[in-house]
Structure formats: structure tokens, C-alpha cells
Amino acid sequence: MQNRPFTLLVAAVAVAIEGLTAVAIGGWVAYETLIGAPDDVMSSLVLAGFALAVGAGLVWVAWGILQLMRWSRGPAVVTQIFAIPLAISLIQAGQLAWGVPLIVAAAVILVTLLAPPTTHALMGDG
């Protein structure tokens, strides 16, 4: 851990938090679907499954970043590129409690993943 730049550690932690949040939301939706009476059970279960899968994937990507795996930066960056329009839509819809943290997280992750120390650690000199 000593030879990892601070920006890489921040990126890994932020992606992990994002992933764990998605897992928690997916678990909550699944729980609410199973104990409640949703309007559309199938849509609720698909949403729960999607959130769980995305969350698990992000936790795996965070582990890859922490382990200096070159492949891990691409999925993390692409996820943030999708997260920014979603956050903007949430903010415009008045869902500030969801949109603001999401756009802050996406910005932090993009800045730290694309920072020169992180690039050097993940990609090397070549």
C-alpha cells in the first residue's frame, strides 16, 4: 500500500463506496419487493438485480484499482460518464439528496482516476 499514490487510494475508496451503495439500494429494493406489494413485481426484481450486479461490479473494479490492475480504470471511468447525466437528471427533478452526492462522487472519481500519479501507477511509463 505504501507505493500507491493518494489519488489512486481515493479513487478506489470512492468507487467501492459507490458500489456498496448500489448493493445496498438493490438489496433494499429486493427486500421491499418481497415484503411489500409493488405495482410491478417483475420490474422491481429486475431493478434490484441490476443494482446488485452493478454494485458488485463496482466493488470488483475498486479492488482492481487498489491492486493496480490496468483494466480497472476503463470500467470506472465509463461508469462515471454514465453517472453524471443521471445525477444531473436527479438534480433537475428535485432529487438533490441523490443527485448531489452522485455528481460529487463521479467528479472525485474522474479527477482522481485521471490524475497523473494514478495514470502512472496503473499504466506505467510506457
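**Working through the model**

Modeller: Arginine 73 has its place in helix H3. Keep in mind that this is a predicted model.

Colleague: Is arginine 73 buried or exposed?

Modeller: Buried, because its relative accessible area is 16%, and the cut-off for buried is under 20%.

Colleague: What does the side chain of arginine 73 make a polar contact with?

Modeller: The side chain of threonine 119, at 2.7 Å. A polar atom of the arginine 73 side chain also lies 3.2 Å from the backbone oxygen of leucine 113.

Colleague: And which residues does arginine 73 touch, leaving out those up to four places away in sequence?

Modeller: Leu113, Leu114, Thr119, Leu122 and Met123.

Colleague: Now valine 77. Which helix is valine 77 in, and where does that helix run?

Modeller: Valine 77 is in H3, which covers residues 73-92. Valine 77 counts as buried because its relative accessibility is 16%.

Colleague: What is valine 77 in contact with, beyond its neighbours within four places in sequence?

Modeller: Leu110, Leu113 and Leu114.

Colleague: Moving to threonine 112. Where is it found?

Modeller: In helix H4, residues 96-113. Its relative accessibility is 9%, so threonine 112 counts as buried.

Colleague: Which backbone oxygen does the side chain of threonine 112 reach?

Modeller: That of isoleucine 109, at 3.2 Å. Apart from neighbours within four places in sequence, threonine 112 is in contact with Thr7, Val10, Ala11 and Thr118.

Colleague: Which residues of H2 are buried?

Modeller: Ser44, Ala48, Ala51, Gly55, Leu58, Val61, Ala62, Gly64 and Ile65.

Colleague: And what do the buried residues of H2 pack against?

Modeller: Four helices: H1 (6-35), H3, H4 and H5 (116-123).

Colleague: What is there at the start of H2?

Modeller: Aspartate 40, with a side-chain oxygen that reaches to within 3.4 Å of the backbone nitrogen of methionine 42.

Colleague: And which residue follows H2?

Modeller: Leucine 68 comes after H2, in the loop between H2 and H3. Its phi is positive, about 60 degrees, although leucine 68 is not a glycine.

Colleague: How does leucine 68 count for accessibility?

Modeller: As partly exposed, because its relative accessibility is 26%.

Colleague: Which helix gives the most to the lining of the largest pocket?

Modeller: H1, with nine residues. H1, H2, H3 and H4 each supply at least two.

Colleague: And what is the lining of the largest pocket by class?

Modeller: There are 19 nonpolar residues, four polar and two charged.

Notes
Residues are numbered from 1 along each chain as its sequence is written. This is a predicted model: local features need pLDDT of at least 70, side-chain atom pairs count only at pLDDT 80 or more; totals for chains, interfaces and linings use all residues. Side-chain values use heavy atoms; hydrogens and water are left out. Buried means under 20% relative accessible area, exposed over 50%, partly exposed in between (1.4 Å probe, protein chains only). A polar contact is a pair of N or O atoms within 3.5 Å; within protein, one must be able to donate a hydrogen and the other to accept it, and residues adjacent in sequence count only if both atoms are side-chain atoms. Contact means heavy atoms within 4.5 Å. Ala, Val, Leu, Ile, Met, Phe, Trp, Tyr, Cys and Pro count as nonpolar, Asp, Glu, Lys and Arg as charged, and the others, Gly among them, as polar.
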